[in-house]
Amino acid sequence: MVHLTIAYTHLLQPSMNLNVFDFKSTKPKSSFKPRSFAFGTLPRKALLLHQFRNTATLLRVLRRKDSLQDRSNIGLEVEKYNSQEVKSFLKRWGKARDKRLSEFVDEFTSGQGSGDQLCTLPPLMLKLFFTPAEISLGEELYDYLHVVEEDSGPDISKWSKSRVAEYLEDFAKSNGVKLRSPSRQFSGSDFFAQTQFMLSGIFEDASDIAVLNLYYQIHPTEGRESFDEVLDDFENLNSKEVLYLLASYAEKYSLHLQPAAYFLDDSQALLQAVQNKMFAKQYFGCEDTKCAELVDKLQPMKKLYSKYEMQELAKSFSGQYKDPWNGVDHFIRYVKECCKEYRTRPIYFAPYVALVQCSGSGKSRMLLESSKKLRTLYVCFRSGATGYPPRTGHAIFQLFGGSGLDDAKDAKSYKLALVERLRRAEISARKHLPKPGTTSGKPEAAMFESEQLCKSVWNLQNINSEEELPDSEEPVLLILDEARALLDESQDKTPFGESKFTWFRRALRSYWEKYKKARLFAVMVDTSSRIKNFSPSLKSDSSARQVRDEGGAFLLHPFVWRGSFDAIFHGLKLAEGTRDLTPLLENSDYLQAGRPLVAIPFQDTIQHRDFLLRKLRGGFMGRTPEPGQDLGHLSIVLARLATAISCLSTTAAELVAEHMVHLLASDILREHMFVAHLAEPRLALAAAYAWNTEGELERNLLPALQRALISGVVSAGDRGEIVGQMVVLNAFDTVCIANHKSPGECVPLVSVLEQLLPKDSKVNVRNAIPPSLWDASVACGQLVLLAHHLSLDTNRQLAERHCGALFKERQPGIDAVVPIIAPVSAMVVFQIKNRSEDEEASAKIRKRMNPSFAFKNQKIPEKELVELDGNCVRVYLQLGAGVKSASCNKGGPLQIFGLSSRCLSEPVARALEMLLDSSNRIESFVLDQRAASEVDGGNLPFPDDVSTFRRILPFVIDSKPQWNDLTVVELKSICKKNGLEVGVRKHVLIERLVQVLGKEPRD
């Protein structure tokens, strides 16, 4: 072995690094994942001399069959060649195979192509160096440049028991551990088949890292990295890499992995585990405090996208752009108008606008298209793998970093330096970016020109700031994407106590004042949570006084981007007057409705569904939101319900920013905004997946909705309508799942109505259906709020998107509608009540449920209304009834009493009953908050109690508690605690409680 080592080292060039392996230990020091090696770079397994069967095996690795005839270059690293050496190398390599070089070699080397670049080229590119260009040549050269590590390791499976024992004894000795049992028990094949967890039982008190080292020596294709290096690629970790991350942390803090650690599938599973309150005990067998550092390090990882998701986002970003509403031109016109307005009227604070909309709406892609019509400097502050386009680090440094800014002595010099950067940036843009309408980069590339020409455009230190700008009214756009980074006071605070955004705004204003030809106009791009930061109202702008002192009293109105919604959705192209919707039965185009991120699926539709669900939850990588993530739960509920979100609520802005809710409009004072979930079937499908996860509705989703109703985030309106929507959607979901379909697909009408019946009901739902529609289908994955009168065209649009609709307030007779997919215009209409009466619908109510009455004097012609009466299914939901039953006379409405539908599980029915019976009372709110303070069976300190409110606050609460103030659910709960029979009527419950507990309840 010694002679072989000496002979082997003589083959190496002096430049080779001999410290890859520590010959005194069997522990490799290389990196975790298999890396590609240039020809002269020796892999670590070539240095594990004891793993080779003989000298010939070693020499076969060093002297490959396809190597050069001239062996003098063995050990020389091709990646260190300069362009001339690359050309000489290719010439000699081709000559050895009787191949001539192509013109591509000169083109490559004249462009300063180096050996390092050569080693990164795929076979398809390498073949172009030779003529004729054959793929086999490219593959052969690729293999030559990248040492293949086959046949370099020992065939452990053929080892004898004695050799396995000797190997284990050597390993134990070198790692300072003891074998737990006689090591001669393993044959080679048994030893090779041991998992990491099984190997841990061989030794006494061995560290987890030592066991993993042994495993990776048995399976040399499995490498490892340091703890921090693993975190750098966290979103792509597999099960073995996750295990190594945990093992390295355990070694650092003298902890020991528990069996659960060996069964984590990937990084998402690890994030799920971290959310568990028992994480430290379950995975390390220790107290929570010892895992605090690991948990803290993993917190930022929760919003990372996987490598697959990033690839799919990049693919969608580079596809053909569709702009049916001319949104790009609309944006450009607005920017030009703002630029002109700012220059001519000095009443505005700074030349910039905020471009806002929810995630996935196509803001960045629209800007890429607009950059083809206006010179554009693109700067993206996105951190990590959290979206696309990626961060533009060089541009950020050129504009906001380096000498002059980082070492500024005072605020004045900092602002002047920033003004200078802006000046050079505009000069560089006009000098190096192509004229609007032309291109100098790669037109097909999904990159802004300023990034394609990064080296010339963002070389600001070599730009002469004294150079004159041309007389042009054409603006140069400075796009600051993910601009919230400029507002981060903790990370991006300037040396002078304010955010970079504040100083940027001041510098941009000063730049336009100093240079009268300046036309550098900024666009702050982000979701709406920061709209008030980028465009604050005058009441809330902390610098409003300074703004007025400097002469600018107003900010330009933000641009709300809506132009890409339904851009790829076409619907049915029916002839005018056609009412036949049956083509929808075999059509899946409805999933293309909505914003681009939702409408354009990934290649793997299941991963796309999970991705959208993660976006609804706030972008977290874990499979479920963290405890207390109410907005994530709320957004999943609202993605399918027709509800109104308060336009004054700060939560509304947060829902837009982090949870996929659309910003519809913002008022000119930037104090109110209209937000809503729009008709997006694929997003509703993702939400339906959560709805139908066992326990999710009653444990997380409905409590979040309840809190939103109590706090006023969601308009309470008629709680009966909210609960009624959930009952109807659950009926549709149940039928879809029973028919092996996804929620929202077409299913039989009869089956859906049967799911609305109580479990033991024998009512024939066909009595409520016209005979011509007995075989008809319906589809509803989401209900939307219809803000205008219903027309037959609206009915068609709802059917095309597999949606139902809830009508605006004061719509007589009918509360909601779901289109029936039939050869004629037809629909299911619902009236939803939350009353305690058990009586059937009166003749008056039944009449008002006819379309000819409900939609009279609206958009549907009278003749067609009469036809609708005959093609209509009426459903009367009396949710507050005490007696749970159903009835249906022939030709009459299907009447459902109480929350008893067979589509509802018992826990969901109870949760809906509580939601239905609650009210926006301060008692309910305080009691709910007290319940939320319960942790692990105990209570956190809670400052409020209802009795305090009664003593101090008049009018908002009764000074004495009253039984009648309590809801039915609360009364039933008190009855159960006191062993009383639970009745069905409120007055019966009160009578029983008064007899036992007295006339007044206790708080």
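The crossing of helices H34 and H40 is right-handed, a term that applies where the near helix is turned clockwise from the far one by less than a right angle, left-handed being the anticlockwise case. This is a predicted model in which local features need pLDDT of at least 70 and side-chain atom pairs count only at pLDDT 80 or more, while totals for chains, interfaces and linings use all residues. Residues are numbered from 1 along each chain as its sequence is written, and side-chain values use heavy atoms, with hydrogens and water left out.

Helix H34 spans residues 719-738 and helix H40 residues 906-917; the two pack at an angle of about 160°, with their axes 8 Å apart. Axes are lines fitted to C-alpha atoms, for helices over the stretch in contact, and angles run from 0 to 180 degrees between N-to-C directions. H34 and H40 are therefore roughly antiparallel to each other (angles over 145 degrees; under 35 is roughly parallel, 65 to 115 roughly perpendicular and the rest oblique). Helices are DSSP runs of H or I with at least four residues, and strands are runs of E with at least two, numbered from the N terminus.

On the H34 side, the contact (heavy atoms within 4.5 Å) is made by Arg719, Gly720, Val723, Met726 and Val727, and on the H40 side by Leu912, Leu915 and Leu916. By class, this contact has 6 nonpolar, 1 polar and 1 charged residues. Ala, Val, Leu, Ile, Met, Phe, Trp, Tyr, Cys and Pro count as nonpolar, Asp, Glu, Lys and Arg as charged, and the others, Gly among them, as polar.

The whole structure holds 15 aromatic pairs, that is, rings of Phe, Tyr and Trp (its six-membered ring) with centres within 6.5 Å; planes under 30 degrees apart are stacked, over 60 edge-to-face and the rest tilted. Two of the pairs are tabulated.

| Pair | Geometry | Centre to centre | Angle between planes |
|---|---|---|---|
| Phe279 and Phe284 | edge-to-face | 6.0 Å | 75° |
| Tyr352 and Phe501 | edge-to-face | 6.0 Å | 85° |

Tyr352 lies in strand E5 (residues 352-356) and Phe501 in helix H25 (residues 500-514), so the pair ties together parts that are 149 residues apart in sequence. Tyr352 is buried at 2% relative accessibility, and Phe501 is buried at 3%. Buried means under 20% relative accessible area, exposed over 50% and partly exposed in between (1.4 Å probe, protein chains only).

Phe279 is likewise buried, at 3%, as is Phe284, at 3%.

Helix H15 (residues 267-274) has 6 of its 8 residues buried, so it is largely enclosed by the rest of the structure. Its buried residues, Ser267, Ala269, Leu270, Leu271, Ala273 and Val274, pack against helices H14 (239-252), H16 (279-284) and H17 (292-298).
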